[in-house]
Amino acid sequence: MILGPEGKSTLVFSEKINDDFCFDIKSGEVTIYIDNDMTLTNENVVPKRSAINIEPNAKLNLYIAKGVTLTVNSGFGEKGETAEDLGAKGGPRRLGRNKSTLDR
C-alpha cells in the first residue's frame, strides 16, 4: 500500500469481494470504505495472523455502508504456546490489599 501525505491513505471497495482477503496496516493512517459485501479471512495468510492486523503505530478508520455485510474470520491462526509449555508455574491469581469490583 502506498501512503499519501502525512502517511495517510484511503481505499474504497465498491465491488463484492469473493476471494480470500485481509488487511495488514503496518504504519500511518488508513481509511477504508466498504460499499459492498466482503469477507476477510486469514486462511492463506503467511505468517499466520489475524484477518485484520493493525501494527501499534498504525491507525485504521473503517466505514461500512448501510446494509453491507463484512464477515471477518480470523479462525485459521496457528495455536500459540501456553505458559505451562514455557515452564510457567501458573496457579491462582494473587489479590492485592484493595480488591476491585471484578474480584468480588
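**Entry 1: burial and overall make-up**

I began with burial: 20% of the 104 residues of the protein chain count as buried. Buried here means under 20% relative accessible area, exposed means over 50%, and partly exposed is in between (1.4 Å probe, protein chains only). I keep in mind that this is a predicted model, in which local features need pLDDT of at least 70, side-chain atom pairs count only at pLDDT 80 or more, and totals for chains, interfaces and linings use all residues. Residues are numbered from 1 along each chain as its sequence is written, and side-chain values use heavy atoms, with hydrogens and water left out.

I looked up the confidence next (pLDDT is the predictor's confidence in each residue, from 0 to 100). The mean pLDDT of the protein chain is 76, and 67% of its residues reach 70 or more. Over residues 97–104 the pLDDT falls below 50, and this stretch has three contacts in the model beyond near neighbours in sequence. Where pLDDT is low, the predicted coordinates should not be read in detail.

For secondary structure I found seven strands and zero helices in the protein chain. Helices (H or I, at least four residues) and strands (E, at least two) are DSSP runs, numbered from the N terminus. I also checked contacts, meaning heavy atoms within 4.5 Å. Among those between residues at least 6 apart in sequence, 53% join residues at least 24 apart.

The protein chain exposes about 8,100 Å², and carbon and sulfur atoms supply 48% of that area. The areas come from the Shrake-Rupley method with a 1.4 Å probe; for residues, only the protein chains shown count as cover.

**Entry 2: the nonpolar core**

Which residues touch the most other members of the largest nonpolar core? I noted Phe13, Phe23, Ile25, Ile32, Ile34 and Met38, out of 13 residues in that core. Strands E2 (23–25), E3 (28–34), E4 (38–41) and E6 (58–64) each give two or more residues to this core. E3 supplies the largest share, three residues. A nonpolar core is a set of buried Ala, Val, Leu, Ile, Met, Phe, Trp, Tyr and Cys residues joined through side-chain atoms within 4.5 Å.

Setting aside neighbours within four places in sequence, Ile25 is in contact with Val30, Asn53, Ile54, Glu55, Ala58, Lys59 and Leu60.

**Entry 3: aromatic pairs**

How many aromatic pairs does the structure hold? I found two. Rings of Phe, Tyr and Trp (its six-membered ring) pair if their centres lie within 6.5 Å; planes under 30 degrees apart count as stacked, over 60 as edge-to-face and the rest as tilted.

The ring centres of Phe13 and Phe23 are 5.9 Å apart with the planes at 35°, so this pair is tilted. Phe13 sits in strand E1 (residues 8–13) and Phe23 in strand E2, so the pair ties together parts ten residues apart in sequence. Phe13 and Phe23 are both buried.

Tyr33 and Tyr63 make a stacked pair, 5.1 Å centre to centre with 15° between the planes. Tyr33 belongs to strand E3 and Tyr63 to strand E6, 30 residues apart, and the pair links these distant parts of the chain. Tyr33 is partly exposed at 35% relative accessible area, and Tyr63 is partly exposed at 44%.

Is Asn53 buried or exposed? Asn53 counts as buried, at 18% relative accessibility. I located Asn53 in strand E5 (residues 52–54). Its side chain makes a polar contact with the side chain of Asp24 at 2.7 Å. A polar contact is a pair of N or O atoms within 3.5 Å; within protein, one must be able to donate a hydrogen and the other to accept it, and residues adjacent in sequence count only if both atoms are side-chain atoms.

Thr41 is in strand E4 and is buried, with a relative accessible area of 7%. The Thr41 side chain reaches the backbone nitrogen of Glu43 at 3.2 Å, and a polar atom of that side chain lies 3.5 Å from the backbone oxygen of Asn73.

**Entry 4: a loop residue**

Last, I checked Asn36, in the loop between E3 and E4. Asn36 counts as partly exposed at 28% relative accessibility.
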